[in-house]
Amino acid sequence: IDIQVAKGLKIKINRISVIIPIYNASKYLRECLETVLSQTYSDLEVILVDDGSNDGSSEICDEIEAIDQRIKVIHQINAGPSAARNAGLKAATGTYIGFVDADDMVETDMYEMLISTAIVSNADIVSSGVRIRSLDGQEVRESIIKHVQKMNREKALEALLTSRLNVAVYSKLFEKDILTEIMFREDKLYAEDKFFVFQAILKADNIIVIPESKYIYIKHDASATTSVISKKNFDAFELAVETKRQISKYYKKLIPAAEYNLIYTIELLMRRLENEKMNKKLAVEKMQCLRALKSTHIAAVWRFGSFKEVIEYCVLKYMYPLYGLYRTIIYQLKRRFIQ
């Protein structure tokens with residue numbers, strides 16, 4: 001696929017509905033919307049879902065709606081980002097669906113590139129790369145591929161489950177038809193976007209990943225990833241278990257990938273429990289993870305993971321009383337290496 005040729009083709013006009021959930025984002029909202037509304041692809045429907053903001057975000061939404069006919073504003077009582085995105089999905093009239101977080105930004109040609117690729121390649125999902133920008137302006141590309149990757153459903157599922165495909169909804173363009181029976185899990189606060197992408201791929205036949213990084217994720221100090229671990233973080237574990245269950249039922253060849261996804265999720269959670277000294281406060285959740293780990297196999301992490309992940313898996317599964325010592329050693333080695 002030649003992306004530059006695709007961009008230059010005269011294509012059938014297809015509206016893109018861009019859904020932006022908003023909660024107390026007044027500090028960043030105008031800059032975010034400026035990048036969305038200045039897209040080189042103009043046939044946009046921008047749905048702003050104000051999720052009960054009380055910092056002036058609601059007024060900004062109404063102000064911009066009054067001056068740009070592409071804007072549609074939904075005000076609702078605070079119910080969380082999944083409920084906000086679901087409200088946007090119900091209101092969307094576009095042929096394609098995109099998502100943007102209110103404190104992030106997008107390159108001006110992001111949606112032109114995504115929809116050109118989708119139409120020329122007959123793709124159900126097109127995924128862009130992501131640039132992670134810190135508050136001091138430094139940027140890191142989350143992943144680097146040199147060429148366009150075309151995947152069928154099975155290859156895309158394996159890539160998603162083994163961390164070779166970006167899990168975020170905001171880096172992707174979805175054909176609306178595949179989302180008709182899919183909604184975000186409103187009972188989950190963590191990993192709900194990855195599970196949404198998983199469900200979308202289950203409905204897709206053709207998935208394209210482009211090498212260009214068009215979405216700009218702004219890393220804020222107060223982001224959810226830097227908050228203290230709590231019971232809600234274990235939503236990720238529960239969704240990884242549900243993912244494995246669905247894969248085991250319909251795609252048995254992908255069971256190792258689903259098992260690796262579960263192991264990877266457990267390792268992240270156990271690492272945080274140990275690092276933040278929360279083992280006693282979240283003892284029930286810890287034991288659920290350890291029991292689930294007992295039913296997994298080292299072959300999955302050996303095939304898809306790193307050597308470090310294999311070692312951590314063995315310590316967690318067979319020598320858990322030594323896990324605290326293992327994490328202390330890793331921490332000391334990191335400090336020495338950095339110095």
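Buried means under 20% relative accessible area, exposed means over 50%, and partly exposed lies in between (1.4 Å probe, protein chains only). The legends below describe a predicted model, in which local features need pLDDT of at least 70 and side-chain atom pairs count only at pLDDT 80 or more, while totals for chains, interfaces and linings use all residues. Residues are numbered from 1 along each chain as its sequence is written, and side-chain values use heavy atoms, with hydrogens and water left out.

**View 1. A patch of negative charge on the surface, formed by Asp55, Glu59, Asp62 and Glu65.**
Asp55 counts as partly exposed because its relative accessibility is 31%. This residue is found in the loop between strand 2 (44-51) and helix 3 (57-67). Helices (H or I, at least four residues) and strands (E, at least two) are DSSP runs, numbered from the N terminus. Patches are made of residues with over 30% relative accessible area and no salt bridge; like charges are joined within 9 Å, and nonpolar side chains (Val, Leu, Ile, Met, Phe, Trp, Tyr) within 5 Å. Asp and Glu count as negative and Lys and Arg as positive, whereas His and the chain ends are not counted. The place of a charge is taken as CG of Asp, CD of Glu, NZ of Lys or CZ of Arg.

**View 2. A nonpolar surface patch of about 620 Å².**
The residues that make this patch are Tyr318, Met319, Leu322, Leu325, Ile329 and Leu333. Helix 13 (residues 323-338) gives the most to the nonpolar patch, with three residues. Leu333 lies in helix 13. Accessible areas come from the Shrake-Rupley method with a 1.4 Å probe; for residues, only the protein chains shown count as cover.

**View 3. Helix 5, a mostly covered helix.**
Ten of the twelve residues of helix 5 are buried. Among them are Met110, Tyr111, Met113, Leu114 and Ile115, together with Glu112 and Ser121. At 1.5 Å a residue, helix 5 (residues 110-121) should span 16 Å, and its end C-alpha atoms are 17 Å apart, which agrees. The expected span of a helix is 1.5 Å times one less than its number of residues. Helix 5 is followed by Asn122, whose phi is positive, near 55 degrees.

**View 4. The salt bridge between Glu192 and Arg85.**
A salt bridge is a side-chain nitrogen of Lys or Arg within 4 Å of a carboxyl oxygen of Asp or Glu. The side chains of Glu192 and Arg85 meet at 4.0 Å, N to O. This pair links distant parts of the chain, with Glu192 in helix 7 and Arg85 in helix 4 (residues 81-91), 107 residues apart. Glu192 counts as buried because its relative accessibility is 8%, and Arg85 is buried, with a relative accessible area of 5%. Arg85, Asp101 and Glu192 are linked in a network of salt bridges. A search of the whole structure finds 20 salt bridges.

**View 5. The salt bridge between Arg131 and Glu107.**
The closest N and O atoms of Arg131 and Glu107 are 2.8 Å apart. Arg131 lies in strand 6 (residues 125-134) and Glu107 in the loop between strand 5 (105-106) and helix 5, so the pair ties together parts that are 24 residues apart in sequence. Arg131 counts as buried at 15% relative accessibility, whereas Glu107 is partly exposed, with a relative accessible area of 25%.

**View 6. The salt bridge between Glu181 and Lys203.**
The N to O distance between these side chains is 3.4 Å. Glu181 lies in the loop between strand 9 and helix 7 and Lys203 in helix 7, so the pair ties together parts that are 22 residues apart in sequence. Glu181 counts as exposed at 65% relative accessibility, and Lys203 counts as partly exposed at 41%.

**View 7. Ala191, a residue with a positive phi that is not a glycine.**
The phi of Ala191 is about 65 degrees. Ala191 lies in the loop between strand 9 (172-175) and helix 7 (192-203). At 24% relative accessibility, Ala191 counts as partly exposed.

**View 8. Lys277, a residue other than glycine with a positive phi.**
The phi of Lys277 is near 55 degrees. Lys277 is placed in the loop between helix 9 (255-275) and helix 10 (283-294). Its relative accessible area is 64%, so Lys277 is exposed.
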